[in-house]
Amino acid sequence: MVLKDKVAVITGAASGIGKEIAFEYARQGAKVVIADLALDAASATAAEIVAAGGTAMGVAMNVIDEAQVDKGIADTVAAYGGVDILISNAGIQIISPIVELSLDNWKKLLAIHLDGAFLTTRACMRAMIAKGHGGTIIYMGSVHSHEASPLKAPYVAAKHGLLGLAKVVAKEGAKDNIRANVICPGFVRTPLVDKQIPEQAKTLGISEADVIKNVMLKETVDGQFTTIQDVAQLALFLASFGSNALTGQSITVSHGWHMQ
Ligand code: NAD
């Protein structure tokens with residue numbers, strides 16, 4: 001129970017990677033706030049955690065809506081007394097060549113990944129500073145925080161941007177014992193990835209099997225997907241690390257696709 005009584009806010013936690021981190025944190029004793037677009041989905045995930053013996057609540061939070069973010073964090077503080085951990089995880093993917101990408105889609109993706117990271121960081125840092133116990137902020141980056149792929153211009157730009165934000169949070173947060181790091185997963189089979197397999201196959205004119213083998217997993221050491229459990233274990237390590245020695249860093253979990 002290495003996170004006993006810690007309060008963790010996880011955005012985009014009604015699905016995929018965020019949901020698995022929520023379950024792992026709850027198993028380790030954390031009080032978990034499932035922040036996602038729809039209250040129904042967030043509350044359903046929270047109910048699953050409670051049914052499994054954990055402590056959790058759902059909040060409706062569109063991470064690009066300043067008022068909803070501030071309210072979600074205020075509700076968290078009211079219910080659980082503070083915020084110790086933020087996992088800024090909510091995200092989408094848009095597959096398109098640059099020459100066919102609309103400005104609206106460029107802005108939409110950047111807003112969810114970067115405005116969302118900023119707004120949740122600001123609200124959580126304010127709550128952490130007010131309580132005076134420090135905290136940990138973890139951004140869900142990607143191998144695409146370090147590498148590029150065709151058809152993913154806004155995603156690659158946004159994921160690179162999170163590295164910069166994390167470094168500034170590490171520097172500004174240190175005096176209040178707040179640290180910030182970035183997790184950079186390779187491909188993980190979640191709804192976000194399942195959606196892009198047929199999209200990439202169509203755009204590239206290859207089969208879905210070829211997208212998996214020759215696009216997604218080609219550069220890994222063993223042709224394997226990273227799993228939601230792999231990412232959750234790294235998120236647990238980062239949240240339970242005991243000092244500011246580990247801050248402003250990015251750690252890649254990708255079967256060797258990207259090596260730093
Ligand atoms: P997912 O689609 O399973 O889950 C994403 C969640 O984010 C959903 O519950 C969705 O409702 C939520 N969300 C989307 N827009 C939101 C918004 N504006 N406000 C609040 N919530 C919102 O996807 P996933 O694969 O679990 O992705 C989670 C994170 O991990 C993303 O940031 C993604 O870029 C990153 N990531 C995923 C992979 C992968 O291969 N799956 C690899 C590297 C990084």
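This is a predicted model: local features need pLDDT of at least 70, side-chain atom pairs count only at pLDDT 80 or more; totals for chains, interfaces and linings use all residues.
The contact draws 13 residues from domain 1 and 14 residues from domain 2.

Q: Which residues belong to domain 1 and which to domain 2?
A: The domain assignment of the protein chain puts 7–187 + 227–253 in domain 1 and 189–225 in domain 2.

Q: How much area do domain 1 and domain 2 bury between them, and what share of it is on carbon and sulfur atoms?
A: About 1,000 Å² is buried, with 70% of it on carbon and sulfur atoms. On the domain 1 side, Ile95, Leu151 and Phe187 lose the most area to domain 2, together 57% of what that side buries.

Q: How many salt bridges does the rule find across the interface of domain 1 and domain 2?
A: The rule finds zero there. To count, a side-chain nitrogen of Lys or Arg must lie within 4 Å of a carboxyl oxygen of Asp or Glu.

Q: Why does serine 88 count as buried?
A: Buried means under 20% relative accessible area. Serine 88 has 8% relative accessibility, so serine 88 counts as buried. Serine 88 is part of strand E4 (residues 85–88). Leaving aside residues up to four places away in sequence, serine 88 touches Thr11, Ala117, Thr120, Ile138, Tyr139 and Met140.

Q: What makes the nonpolar surface patch of about 190 Å²?
A: Leu204, Ile206 and Val215 make this patch.

Note on methods
Residues are numbered from 1 along each chain as its sequence is written. Side-chain values use heavy atoms; hydrogens and water are left out. Patches are made of residues with over 30% relative accessible area and no salt bridge: like charges are joined within 9 Å, nonpolar side chains (Val, Leu, Ile, Met, Phe, Trp, Tyr) within 5 Å. Accessible areas come from the Shrake-Rupley method with a 1.4 Å probe; for residues, only the protein chains shown count as cover. Domain bounds come from an automatic or database domain assignment. Contact means heavy atoms within 4.5 Å. Buried area is the accessible area (1.4 Å probe) that two parts lose on being put together, summed over both. Helices (H or I, at least four residues) and strands (E, at least two) are DSSP runs, numbered from the N terminus. Buried means under 20% relative accessible area, exposed over 50%, partly exposed in between (1.4 Å probe, protein chains only).
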